[in-house]
Amino acid sequence: MPVPPSRAPLRLPHVVCSLVLLVLLAGCGAGGLAGTELSGPTTEHTPVQGVPGPPGAAASAAGAPSREVPAVPPVPAASPQPTEIPGLGPRTRAAIPAGARQAFVVTGEGPDSNRSTAVLYTLDGPTGPGWRASLGPWPAHNALNGWTGEHWEGDLRSPVGVFTLTAAGGRLEPPQTALPYELSPDFAVTGEGFHGEPLEGSFDYVVAIDYNRVPGTSPLDHTRPLGEERGGGIWVHVDHGGPTQGCVSVTEDRMKELLGALDPDQKPVIVMGDAESLGR
């Protein structure tokens with residue numbers, strides 16, 4: 001007797017079952033067919049070379065074929081700005097010659113002060129790191145009455161400005177120095193300073209400051225291109241323990257260090273003045 005249709009078990013042909021199984025397996029693979037979007041919540045994919053991969057990247061790592069994701073090129077770092085000499089304003093910096101790679105900066109405490117601070121700066125590179133302190137800071141003296149932007153003979157003030165350093169000399173044999181150096185007994189000095197301190201030995205070592213003089217000549221040369229009334233003979237010399245008539249002075253051991261460090265090939269300059277003037 002035939003079984004009623006409502007109780008007969010459902011038997012699908014083998015071919016149909018195989019097709020159904022194949023479709024189910026394809027749905028669990030590498031995200032389905034290319035170009036399709038997955039429905040439902042977004043699934044996080046395995047990063048490839050630090051970049052999130054496209055759908056199917058996780059399966060590709062397991063052996064399935066995938067497209068290579070190009071590496072993102074690094075962003076080049078910006079070149080650092082060269083370090084400027086501290087305390088100098090735009091006008092003073094602009095007065096430093098472009099070829100100068102050494103700057104002996106003497107900063108006065110005030111326009112009427114005879115005490116100052118000296119630092120030798122060296123320029124390490126055109127784009128960085130820039131100027132760095134290579135000697136100092138050292139205590140120093142300048143003229144008795146301080147500083148002036150227009151020096152005159154006998155005003156007892158040191159000239160403010162940027163001046164080249166091209167020659168040296170002294171009464172004693174020089175330490176190792178690359179500057180042209182004149183050894184002469186004419187650098188001898190006697191007498192007393194403004195505080196009664198002895199001046200002897202003050203010119204044992206000097207570096208000529210190219211204010212109202214012919215650069216490259218002996219510090220003893222008396223040629224005054226601006227005229228005698230504008231003063232001259234402005235040097236860096238050995239400190240005698242008090243203010244000067246117009247020069248800058250540091251102790252003998254520091255004069256030796258300075259002479260050993262200054263290099264004509266580096267086009268050295270002195271930047272000198274009170275802090276307010278140099279900050280302009």
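## Close-up views of a predicted model

**View 1. Lys256 is partly exposed, with a relative accessible area of 35%.** Buried here means under 20% relative accessible area, exposed means over 50%, and partly exposed lies in between (1.4 Å probe, protein chains only). The model is a predicted one, in which local features need pLDDT of at least 70 and side-chain atom pairs count only at pLDDT 80 or more, while totals for chains, interfaces and linings use all residues. Residues are numbered from 1 along each chain as its sequence is written, and side-chain values use heavy atoms, leaving out hydrogens and water. The partner to look for is Glu252, which makes a salt bridge with Lys256, the closest N and O atoms being 3.9 Å apart; a salt bridge is a side-chain nitrogen of Lys or Arg within 4 Å of a carboxyl oxygen of Asp or Glu. Glu252 is also partly exposed, at 32% relative accessible area. Because Glu252 and Lys256 are 4 residues apart in helix α4, about one helical turn separates them. Helices (H or I, at least four residues) and strands (E, at least two) are DSSP runs numbered from the N terminus.

**View 2. A salt bridge joins Arg171 and Asp204.** Their side chains meet at 2.9 Å, N to O. Follow the chain and you will see that this pair links distant parts: Arg171 sits in the loop between β9 (168-170) and β10, and Asp204 in the loop between β10 and β11, 33 residues apart. Arg171 counts as partly exposed at 35% relative accessibility, whereas Asp204 is buried, with a relative accessible area of 7%. Across the whole structure, a search finds 7 salt bridges.

**View 3. Glu276 and Arg280 form another salt bridge.** The closest N and O atoms of this pair are 3.7 Å apart. Glu276 is exposed, with a relative accessible area of 52%, and Arg280 is partly exposed at 42%.

**View 4. Asp155 is buried yet has no salt bridge.** Lys and Arg count as positive and Asp and Glu as negative, with His and the chain ends not counted; on that basis, the nearest side chain of opposite charge is Arg157, 5.9 Å away. Asp155 lies in the loop between β6 (147-148) and β7 (158-159). Setting aside residues up to four places away in sequence, Asp155 touches Asn145, Thr148 and Glu150, a contact being heavy atoms within 4.5 Å.

**View 5. Arg230 lies over the face of Trp152.** The distance from Arg230 to the ring centre is 4.8 Å. A charge sits over a ring if NZ of Lys or CZ of Arg is within 6 Å of the ring centre and within 35 degrees of the ring normal.

**View 6. The structure holds 4 aromatic pairs.** Phe163 and Tyr211 form one that is edge-to-face, at 5.8 Å centre to centre and with 80 degrees between the planes. Phe163 lies in strand β8 (residues 161-164) and Tyr211 in the loop between β11 (206-208) and β12 (235-238), so the pair ties together parts that are 48 residues apart in sequence. Both Phe163 and Tyr211 are buried. Phe187 and Trp235 form a tilted pair, 5.7 Å centre to centre with 55 degrees between the planes. Phe187 is in the loop between β10 (181-183) and β11 and Trp235 in strand β12, 48 residues apart. Rings of Phe, Tyr and Trp (its six-membered ring) pair if their centres lie within 6.5 Å, with planes under 30 degrees apart counted as stacked, over 60 as edge-to-face and the rest as tilted.

**View 7. Asn212 has a positive phi of about 50 degrees, although it is not a glycine.** Asn212 lies in the loop between β11 and β12 and counts as buried at 5% relative accessibility. Lys267 likewise has a positive phi, near 50 degrees; this residue is in the loop between α4 (252-261) and β14 (269-274) and is exposed, at 51% relative accessible area.
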